[in-house]
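I opened my notebook to look up a few things in this structure. Have a look with me, and follow along as I go.

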Amino acid sequence: MISEIKGKVGLKGKNLSERSEDKLTGDVFGSLRYIPFDKAMKIILNEACIKKEYDETNWLLNSLNFDYWNDNIHFWPKHSLGELDLLLTFENLIIGVEVKYLSGLSSEDDIANEPEINVKENSINQLAIETRILNNICNNKETPLLLFVAPEPFSYSTVQEVIDRNILEHGVSVGYLSWEIFYEKIKELINDNNLNDFEKLILNDIQQLLQRRGLERFRDFKIGLDKVEAGEHFCFKGKVDDETTLNFDFNLGETVLKGGAYEFESKY
């Protein structure tokens, strides 16, 4: 709903698809703002990995205490340098959030500055630009944090690369949070006794959305056996419940010879 209100979805829905990052952003964070900040969003933000040297940012994040926080979240705020997906504004802390789902950074170059230099060549790397946006917005009044939310394989590596290239604006903290960790925390919060039934219903919807988008972390195969003997061979049969989930039903009654091929069957 938020993505449509903010004009990220056309009236005819031509840019509306399950691959849309804007729709995912609006659906997840737009729903979270219906729950008191301290009961969900703060707990999720505390899962973010922020470099150790930014202890003040971590302290400020932990010190936030809010109930109603709709006035603190801004979706796709415009700036002359570009556009963040989210801007969270608090008295002493400003958090810019860049959300990725299936696409990479919108702009990139090969600029890499020498470590520890103060005068840097400006990069058009999207995260580098966004640190300049945050620095401009804060103007030395608040502590700025850029948070990168993306699938697990890309969240850490993308942030570490821009740090190593020394292209980020000085004074802006940078952190990352994978969607898979996001999903796990939502799942934990659903069982939190401090949340009422309405709040749990919102989180349950978010959990199902992330699961449908394939953002649930793979944990293990459940095969119903205490142990698997070495030397056994397996035949896998899967059933597709929807467009994104494949559940395997292991049948250990058949033997596959060593060196042979495994065959996967799926049913829609």
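Entry: I began with K39, which forms a salt bridge with E199, their closest N and O atoms being 2.9 Å apart. K39 sits in the loop between α2 and α3 and E199 in helix α8, so this pair ties together parts that are 160 residues apart in sequence. I keep in mind that this is a predicted model. I also checked cover: K39 is partly exposed at 24% relative accessible area, while E199 is buried at 8%.

**Entry: the others.** How many salt bridges does a search of the whole structure find? I noted nine. In one of them, E47 pairs with K185, with 3.4 Å between the closest N and O atoms. E47 is in the loop between α3 and β1 and K185 in helix α7, so parts 138 residues apart in sequence are tied together.

I then turned to D109, which forms a salt bridge with R165 at 3.0 Å between the closest N and O atoms. Both residues belong to a network of salt bridges that also links E108 and E161. D109 is partly exposed at 22%, and R165 is buried at 10%.

**Entry: the surface.** Last, I looked up a nonpolar patch of about 380 Å², made by M1, I5 and Y34. M1 lies in the segment before α1 and is exposed at 61% relative accessibility.

Terms used: Residues are numbered from 1 along each chain as its sequence is written. This is a predicted model: local features need pLDDT of at least 70, side-chain atom pairs count only at pLDDT 80 or more; totals for chains, interfaces and linings use all residues. Side-chain values use heavy atoms; hydrogens and water are left out. Patches are made of residues with over 30% relative accessible area and no salt bridge: like charges are joined within 9 Å, nonpolar side chains (Val, Leu, Ile, Met, Phe, Trp, Tyr) within 5 Å. Accessible areas come from the Shrake-Rupley method with a 1.4 Å probe; for residues, only the protein chains shown count as cover. A salt bridge is a side-chain nitrogen of Lys or Arg within 4 Å of a carboxyl oxygen of Asp or Glu. Helices (H or I, at least four residues) and strands (E, at least two) are DSSP runs, numbered from the N terminus. Buried means under 20% relative accessible area, exposed over 50%, partly exposed in between (1.4 Å probe, protein chains only).
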